[in-house]
Amino acid sequence: MNVMKKTLAARIRRIAHRTYSKNHGFATRLMSPSDFGEILKPFVFLDLFDHQGEPFSAPLHPHSGIATLTYVAEGAVSYIDPDNVKGTLAAGGVEWMQAGRGMWHGGGLDKAGLTRGFQLWIALPPELELGPTLSIYQAPEDVPEDGPTRVLLGRHGSASSAIVSPSPINYLAVRLKAGERWRYEPPTGHTVLWTAVASGTVSVPDELGHGDLGAFEPSSEAVEFEARTDAEFVLGSAVPHKYDLVLGSHSVHTTPGAMRRRIFRRFGRTAFRKAVCRRREPKCTIHQNHRVLLPSKPRSHRRPSISFFAKRGHTPSGFPNPCQ
């Protein structure tokens, strides 16, 4: 009996790292490449938006080399895609954006009240980081379910997402009532595993509450969740991303060369520097610890403005993927 207890205890998959969160406007940053993103890649950014207040609109902004998945747990968010198509994502819905070589999008909140959910950034493999762009919007009724689990990406149990994952990834949203238990068995090779809590409190067996993110030790062992209160959380598992993370404004690539091909192919080096750094001759460097592309003065590092592109033949209603 004692031997069995010791064996079971040894198989409990422990949390190796806890949240290092950072307020980021109306959202709380739970993961970034300078902390969790480096150990949990292909997952590189995770924002929890939990906003109570007036509506607002986020401007159009570019991405490249990554995919983002936005999940709305409560409330609703608006979106604007690269073709200037506008819509609303209701609670339970999903927005998938695969930026590839470069695309623009925007959004915000249409109505006052509580809005809660997550936006996850996923690094793309080399064969897709400069590839075609893709936007998919799933209504709540189109997101597959298996018991208390909504499958946002990948598969779980009998449910499988219609969105084609760029690499072996599962991303799930789970709701449990107080006292309920739920067990996750990761697929073969999914040694990357993390969870973040949107509401309530869960035990894994360490206790996690609202806004907490827990990164589990690398292994293939299962994890069991017990809800201390009514709770909702998301969980991601994946085969590790073996490539470096090279970052620019709103972009993630595998090499500095891929970053340059994405950015300079359309605008040229001088135009990009004027648009992003707002200086004539900035010196850009690679941060050796995390390979982050930065201008020499971070306060001057800004994304290209709409006015910049408008002067070059683009209009706010057009923005046709200027990085193509």
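User: Leaving aside its neighbours within four places in sequence, which residues is T195 in contact with?
Analyst: T195 touches L208, D212, L213, G214, F216, F225, F233, V234 and L235, with those sequence neighbours left out. Contact here means heavy atoms within 4.5 Å. Keep in mind that this is a predicted model: local features need pLDDT of at least 70, side-chain atom pairs count only at pLDDT 80 or more, and totals for chains, interfaces and linings use all residues. Residues are numbered from 1 along each chain as its sequence is written, and side-chain values use heavy atoms, leaving out hydrogens and water.

User: OK, so is T195 buried or exposed?
Analyst: T195 is buried, with a relative accessible area of 0%. Buried means under 20% relative accessible area, exposed means over 50%, and partly exposed is in between (1.4 Å probe, protein chains only).

User: What lies 2.8 Å from a polar atom of the T195 side chain?
Analyst: That's the backbone oxygen of V234.

User: And which strand is T195 in?
Analyst: T195 lies in β19. Strands are DSSP runs of E with at least two residues, helices are runs of H or I with at least four, and both are numbered from the N terminus.

User: How many bridges join β19 to β24?
Analyst: Seven bridges link β19 (residues 192-199) with β24 (residues 231-238), and the two run antiparallel. Strands count as paired if DSSP finds at least two bridges between them.

User: What's the strand order in the open sheet of seven strands?
Analyst: The order goes β1-β22-β19-β24-β17-β14-β13, with antiparallel pairing. β1 (15-18) and β13 (145-146) are at the edges with a single partner strand each, so one side of each has no neighbour in the sheet.

User: Switching topic: where is L114?
Analyst: L114 is in strand β11 (residues 113-123). L114 is partly exposed, at 28% relative accessible area.

User: What is L114 in contact with, leaving aside neighbours within four places in sequence?
Analyst: Its contacts are D50, H51, Q52, E74 and G75. The C-alpha atoms of L114 and D50 are 7.1 Å apart, though 64 residues separate the two along the chain.

User: How many helices and strands does the protein have?
Analyst: Six helices and 28 strands. Of the 324 residues, 51% are buried.

User: And what share of the contacts with a separation of 6 or more comes from residues 24 or more positions apart?
Analyst: Those pairs make up 70% of such contacts in the protein.

Conventions: A polar contact is a pair of N or O atoms within 3.5 Å; within protein, one must be able to donate a hydrogen and the other to accept it, and residues adjacent in sequence count only if both atoms are side-chain atoms.
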